[in-house]
Amino acid sequence: MEKKTIIMGPDPSGFELKNVVKSHLLSQNYHIKDITEQGPIGYCDVGDKVGEIISQHTEYLGLIFCGTGMGVSISANKHKNVYCGVCESVTSARLCKVINNCNILSMGGLLITPFKAKMMVDAYLSAEFTNGFTEATPKDLQSGLTEMKKIEDKIYG
């Protein structure tokens, strides 16, 4: 299976964690597009830029980082077709993809250790929407995503 392109970006509080995750993924031969190769930018800009790219290229996945993961996530989620989950555990990173089909994972550089971040990213990238969640059927999970898209259509037209 070909590995997806991953769009990455941090603000200053997430820059070091992004670099650890980026090195980890490059060692696994992922295709990385780092929007902050020249250095970190503000959290609103990170979320906006990665969100815009993912919105236009739904075949990509995103990884964004700030102090808590929340600021970049809020900004990214302003874009249509973007489902960004803020995660602080390996389980939540896996389930954000399995249950909600998140196409961006957000983490906090002030909260997540480098070792844990690598485990979280591996769990997220290996997860598949509707696969591996016994508390709901794949049909139920797909129905939730369909309802979310209806809300987007109402907002964005």
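Analyst: Helix H1 covers residues 15–26, and its axis comes within 10 Å of that of H5, crossing at roughly 50°. Here an axis is a line fitted to C-alpha atoms over the stretch in contact, with angles from 0 to 180 degrees between N-to-C directions. Helices are DSSP runs of H or I with at least four residues, numbered from the N terminus. This is a predicted model, where local features need pLDDT of at least 70 and side-chain atom pairs pLDDT 80 or more, while totals for chains, interfaces and linings use all residues. Residues are numbered from 1 along each chain as its sequence is written, and side-chain values use heavy atoms, without hydrogens and water.

Now for the residues that touch. Leu17, Val20, Val21, His24 and Leu25 in H1 meet Pro114, Ala117, Lys118, Val121, Asp122 and Leu125 in H5, where contact means heavy atoms within 4.5 Å.

H5 (residues 114–126) has another partner, H4 (residues 90–100): their axes come within 8 Å and cross at roughly 20°. That angle makes H4 roughly parallel to H5. Val90, Ala93, Arg94, Cys96 and Lys97 in H4 meet Met119, Met120, Ala123, Tyr124 and Leu125 in H5. Finally, Lys97 lies over the face of Tyr124, at 4.6 Å from the ring centre; for Lys, this needs NZ within 6 Å of the ring centre and within 35 degrees of the ring normal.

Methods
Helix = DSSP H or I, 4+ residues; strand = E, 2+ residues; numbered from the N terminus. Parallel < 35°, antiparallel > 145°, perpendicular 65-115°, else oblique.
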